[in-house]
Amino acid sequence: MESWVGHEVPRLPGRGGPLTLFDSARCGVHPSQPDGTATMYVCGITPYDATHLGHAATMITFDLVQRMWRDAGLTVRYVQNVTDIDDPLLERAERDSEDWVVLAMRETALFREDMEALRIIPPEHYVGAVESIPDIAEKVLVLLKDGAAYRLEDGTGDIYFDISAAPRFGYESNLSREQMLTFFAERGGDPERPGKRDALDPLLWRGARESEPSWPGGDLGPGRPGWHIECAVIALNLLGDQIAVQGGGNDLIFPHHECSAAHAERLTGRTPFAGHYVHAGMIGLDGEKMSKSKGNLVFVSRLRADKVDPMAVRLALLAAHYRTDRAWTDDLLAASSARLDRWRRAATAPAGPSGAALLAGVRDRLADDLDSPGALAVADEWADRVLAGAGDDPAAPTLFADTVDALLGIRL
Ligand code: 5CA
Ligand code: ZN
């Protein structure tokens with residue numbers, strides 16, 4: 001599938017240091033160790049509605065990871081998926097009497113535009129579930145033959161993963177079984193389904209139903225893929241057996257990333273699937289998580305249509321630490337527009353205090369588990385000094401603009 005178009009990233013003098021990140025599996029901040037090449041897989045949208053500020057915040061988080069890795073001199077290999085076939089997409093298409101393919105294409109196109117406006121560096125591969133179906137079916141068959149998967153005996157053709165085939169199951173999310181059961185039921189799982197060996201066994205392959213699209217699955221029989229195996233297979237095929245970062249919002253900690261890791265590890269025999277499981281906090285509105293099902297959404301495209309500067313949106317989402325669940329407010333946007341204006345005035349000043357300390361300060365804050373509020377404070381302090389008339393280095397305003405562009409993705 002086509003990705004979106006990237007922008008030129010300014011080259012900064014020197015090199016950034018190693019990036020540390022919080023890993024959900026180890027519950028702590030650790031160096032993201034990649035040597036030479038850094039690999040990242042981020043869970044992308046299910047395109048049944050427009051990009052909201054929660055999606056944007058998550059994409060900006062992993063954009064910072066990519067920017068920091070590049071700044072440290074690493075080659076970044078980044079893959080993102082589009083879940084362009086799944087129950088929520090079919091349900092929305094049915095509700096609106098629309099062709100599900102057209103719905104998915106339209107929302108994916110809008111997402112690409114939003115990503116460009118927000119200056120998110122595109123992934124190397126942007127991959128749909130539908131185009132990956134032959135690869136997924138092949139891997140489901142491997143799991144079936146290996147005894148790690150089983151077919152329900154109710155004539156549906158549905159195939160499940162047997163979580164007892166994953167001895168480390170639970171290491172990624174660190175949840176109790178009771179908590180797992182709750183999240184599983186809330187997030188697309190089917191703990192009550194009769195015939196399963198374990199209530200937490202996730203679906204790998206859904207046998208064809210009369211009213212639903214299906215694809216030939218070879219020895220599996222016709223059907224369509226489950227959700228977690230989609231991400232496991234796309235990541236393995238494009239990035240190799242083990243990746244540096246598996247990313248997404250914290251709503252994916254369980255069951256999605258736990259199950260993807262379990263599938264991948266069973267297929268490769270190598271653990272951990274990801275060196276870091278990195279999760280962005282949820283953006284909410286009026287005290288609730290922003291989600292399509294709740295309908296409390298602020299769309300990036302709506303803000304763009306209202307002539308809100310996408311850079312102000314980006315700054316607003318960077319104003320708090322990425323792991324914090326937080327609310328979107330009009331005040332936040334107003335404060336970010338004011339900050340953007342100050343930074344723009346500072347960047348066009350004839351001179352300022354040396355930019356070297358500013359660059360070092362921004363690098364230092366972001367390397368510490370993406371401390372974006374800290375980085376913004378460093379930039380604010382520098383901009384305030386310029387606006388107060390301090391400094392006589394004529395190159396400093398350009399270095400300031402390049403620093404916030406390259407590392408924070410803020411084009412002044
Ligand atoms: N297609 C799957 C992932 S394979 C999916 O979760 N799609 S999604 O459209 O629901 O979400 C896309 C990405 O945005 C995911 O990484 C998800 O964790 C993240 N996300 C969803 N809602 C929010 C929110 N309110 N705040 C922050 N991130 C969110
Ligand atoms: Zn995913």
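This is a predicted model: local features need pLDDT of at least 70, side-chain atom pairs count only at pLDDT 80 or more; totals for chains, interfaces and linings use all residues.
Biologist: Does leucine 370 count as buried or exposed?

Modeller: The cut-off for burial is under 20% relative accessible area. Leucine 370 has 1% relative accessibility, so it counts as buried.

Biologist: Let's turn to the metal. Which residues are the protein donors of the zinc ion (ligand 2)?

Modeller: In sequence, the donor residues follow the spacing C-x187-C-x24-H. The protein donors lie 2.1 to 2.2 Å from the zinc ion (ligand 2), and they are Cys43 (SG), Cys231 (SG) and His256 (NE2).

Biologist: Why is the arrangement around the zinc ion (ligand 2) given the name it has?

Modeller: Four donors count as tetrahedral if all angles lie between 85 and 135 degrees. The four donor atoms around the zinc ion (ligand 2) subtend angles of 102 to 119°, so the arrangement is tetrahedral.

Biologist: Which helices hold cysteine 231 and histidine 256?

Modeller: Both cysteine 231 and histidine 256 are buried. The pair ties together parts 25 residues apart in sequence, because cysteine 231 lies in helix α6 (residues 227–239) and histidine 256 in helix α7 (residues 253–268).

Biologist: What is the form of the peptide bond from phenylalanine 254 to proline 255?

Modeller: Proline 255 lies in helix α7. Omega for the bond from phenylalanine 254 to proline 255 is near 0°, and the peptide bond is cis.

Biologist: Which residues does the cis peptide bond at proline 272 join?

Modeller: Proline 272 lies in the loop between α7 and β11 (274–280). With omega about 0°, the cis peptide bond joins threonine 271 and proline 272.

Biologist: Now for ligand 1. How much of the accessible area of ligand 1 does the protein cover?

Modeller: A nitrogen atom of ligand 1 is 2.8 Å from an N or O atom in the side chain of threonine 46, and a nitrogen atom of ligand 1 is 3.0 Å from a polar backbone atom of glycine 54. The side chain of histidine 55 has an N or O atom 3.3 Å from an oxygen atom of ligand 1. Of the 600 Å² of accessible area that ligand 1 has on its own, the protein covers 95%.

Biologist: Which backbone atom does the side chain of aspartate 198 reach?

Modeller: Aspartate 198 sits in the loop between α5 (177–186) and β8 (203–207). Its relative accessibility is 19%, so aspartate 198 counts as buried. At 2.8 Å, the side chain of aspartate 198 reaches the backbone nitrogen of leucine 200.

Biologist: To finish, what is the radius of gyration of the protein chain?

Modeller: The protein chain has 13 helices and 14 strands. The globule rule gives 22 Å for 412 residues, and the chain comes close to that, so it is as compact as a globular protein of that length; its radius of gyration is 22 Å.

Note on methods
Residues are numbered from 1 along each chain as its sequence is written. Chains are lettered from A and ligands numbered from 1 in the order in which they are written. Side-chain values use heavy atoms; hydrogens and water are left out. Donors are N, O and S atoms within 2.8 Å of the metal (3.2 Å for Na, K and Ca); water is not among the atoms, so sites may look incomplete. Four donors count as tetrahedral if all angles lie between 85 and 135 degrees; four count as square planar and six as octahedral if opposite donors are over 155 degrees apart and all others between 65 and 115; anything else is irregular. Helices (H or I, at least four residues) and strands (E, at least two) are DSSP runs, numbered from the N terminus. Buried means under 20% relative accessible area, exposed over 50%, partly exposed in between (1.4 Å probe, protein chains only). A polar contact is a pair of N or O atoms within 3.5 Å; within protein, one must be able to donate a hydrogen and the other to accept it, and residues adjacent in sequence count only if both atoms are side-chain atoms. Accessible areas come from the Shrake-Rupley method with a 1.4 Å probe; for residues, only the protein chains shown count as cover. The radius of gyration is taken over C-alpha atoms; the globule rule is 2.2 Å times the number of residues to the power 0.38.
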